[in-house]
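Subject: Structure handover

Hello,

Here is the structure I said I would pass on. My notes follow below it; please read them with the model open.

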Amino acid sequence: MTSISKLEPRRAFLRKIRDPETGEVIDNGLCLWFPGPHSFTGEDSVEFHVHGGPAILTKLMQALSRLQVHPALPGEFTRRAFYNNKLDLTEVEGLADLIEAETEYQRKQALLQADGILRKLYNSWRKVLSESVASIEAYIDFGEEDNIESDVVQNAHQALGQLMRELKEHLADGRRGEILRNGVRTVIIGEPNVGKSSLLNHLVQRNAAIVTPIAGTTRDVIELTANISGYPVLIADTAGITEDIRDIVEAEGVRRAKSHAENADFVVVMVDALKCATSGMTWKDYIREYLSLLGIQELMATIGRERFIVIANKKDLLKEEEKRHFDDAETVLVSCRTEDGFQDLLRSLTDRFSNICGNPSAECPTISQARHRNHLDQCFRHLHKYFELCAHEQHDMAIAAEEIHKAMRELGRITGHVSTDEILDIIFKNFCIGK
Ligand code: GDP
Ligand code: ZN
């Protein structure tokens with residue numbers, strides 16, 4: 001009988017697995033030995049691959065429990081990996097996102113994060129902060145009389161200024177990483193009977209690799225997830241949104257359409273093509289009037305073209321010459337009945353979503369969570385405060401330098417260098433058992 005720790009590390013061996021007390025064979029299975037620190041958790045680990053029947057598992061668990069082994073809690077492996085410095089918090093969160101990823105671009109972003117793209121970035125910033133504050137404090141301790149401020153402090157200020165510029169750029173990302181992680185919140189608005197429900201059904205049925213009703217956590221709604229060319233799109237299916245906005249001219253309908261549009265990442269404005277073509281108005285005039293009827297003409301003028309699309313539906317009802325009415329780059333003419341125009345629609349939607357979410361890449365790390373953004377905002381504010389304090393005539397360098405320490409702590413909260421049990425509990429409780 002060999003002890004598993006005598007096996008060559010990280011290789012699978014087919015062995016008889018025996019009860020350590022009685023010597024009875026439990027099963028024939030694969031055994032792997034991962035001595036720490038070269039394991040996922042950093043601790044000594046073993047893996048048994050056995051035939052999955054309940055009797056085998058019960059017997060194996062009984063044998064293991066005599067060795068003071070207990071079944072892993074949700075996220076326990078990852079939590080141990082975190083405590084043993086194998087992963088920082090951004091990597092832990094990346095791993096959780098990777099497991100949850102439903103679309104191709106979500107997978108890409110999560111994998112980059114799990115592989116340490118944010119850890120490297122934020123650690124490099126923490127290093128700049130710690131080196132700068134060390135120089136500044138050395139100056140406070142030794143240099144103030146000798147007037148060496150010019151060099152050491154100026155270099156530190158240059159580094160801090162550069163860091164602030166990088167932070168600012170990182171924060172001004174249009175929230176694309178967060179939108180990609182959470183899904184593009186989309187609303188379809190338009191007059192009754194233009195075809196909103198038909199479009200919704202098409203988007204969800206045709207392009208949804210996964211259609212999951214997710215109970216909204218903050219709002220009491222069901223959200224349908226459509227996977228459109230690898231981008232996750234959340235179409236809220238509340239009474240308020242998919243229900244036709246009846247009596248649209250009345251204040252309540254308008255208010256509702258407006259508030260849905262304002263709170264969305266992406267707005268689909270839907271128009272009845274036949275009604276428009278036979279209105280006697282030009283397309284531009286018709287749309288202007290239509291948007292104003294919905295109460296969103298100002299909003300549409302300000303949100304940027306990648307944030308909305310105008311779809312003219314019921315193309316099948318148009319005569320050939322009427323179709324020319326819609327020769328406009330901003331509009332897609334479709335028929336939900338015949339699916340005519342859906343290729344174009346898909347291309348236009350993909351184009352818009354790639355603008356909103358970006359394409360995750362190693363060169364350009366993006367913020368993926370509001371939690372990170374909050375700490376980065378705070379970090380920026382402390383640095384700003386530092387320079388403000390330094391600008392005062394009679395400033396106390398030691399008090400100002402405290403702001404740099406605070407900025408550092410904010411970055412530490414993102415990576416987990418500074419953490420509280422509450423934060424860790426929130427992050428790890430969402431993990432599945434066995435990870
Ligand atoms: P909503 O009120 O905006 O949600 O519109 P619906 O999706 O419920 O559609 C209203 C009516 O228009 C239904 O009778 C649909 O069958 C019809 N409809 C939807 N799309 C088309 C289309 O492309 N062509 C034609 N001819 N009828 C359509
Ligand atoms: Zn409807």
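Helix α3 passes helix α18 in a left-handed crossing. On the α3 side, the contact is made by Leu-89, Val-92 and Glu-93. On the α18 side, Ile-423, Leu-424, Ile-427 and Phe-428 take part. Sorted by class, this contact of α3 with α18 has six nonpolar residues, no polar ones and one charged residue.

The chain overall

The chain has 435 residues, and 45% of them count as buried. Its secondary structure comes to 18 helices and ten strands. Taking the contacts between residues at least 6 apart in sequence, 67% join residues that are at least 24 apart.

Confidence

The mean pLDDT of the chain is 86, with 89% of the residues at 70 or more. Two stretches need care. Over residues 207-221 the pLDDT stays under 50, and the model has 29 contacts beyond four places in sequence for this stretch. Residues 238-243 also have a pLDDT below 50, with 13 contacts in the model beyond near neighbours in sequence. Where pLDDT is low, the predicted coordinates should not be read in detail.

Helix α4 covers residues 104-114. Which of its residues are buried? They are Tyr-105, Gln-106, Gln-109, Ala-110, Gln-113 and Ala-114. After α4 comes Gly-116, which has a positive phi, near 100°.

Helix α6 runs over residues 149-171 and contains Gln-158. Is Gln-158 buried or exposed? Its relative accessibility is 60%, and the cut-off for exposed is over 50%, so Gln-158 counts as exposed. Between Gln-158 and Ser-132 there are 9.4 Å in space, C-alpha to C-alpha, while the two are 26 residues apart in sequence.

That is what I have for the handover.

Best regards

Technical notes:
Residues numbered from 1 in each chain as written. Chains lettered and ligands numbered in written order. Predicted model: local features only at pLDDT ≥ 70, side-chain atom pairs only at ≥ 80, totals over all residues. Heavy atoms only, no water. Left-handed = near helix turned anticlockwise from the far one by under 90°. Helix = DSSP H or I, 4+ residues; strand = E, 2+ residues; numbered from the N terminus. Contact = heavy atoms within 4.5 Å. Nonpolar A, V, L, I, M, F, W, Y, C, P; charged D, E, K, R; others polar. pLDDT = per-residue confidence, 0-100. Buried < 20%, exposed > 50% of the residue type's maximum accessible area, 1.4 Å probe, protein only.
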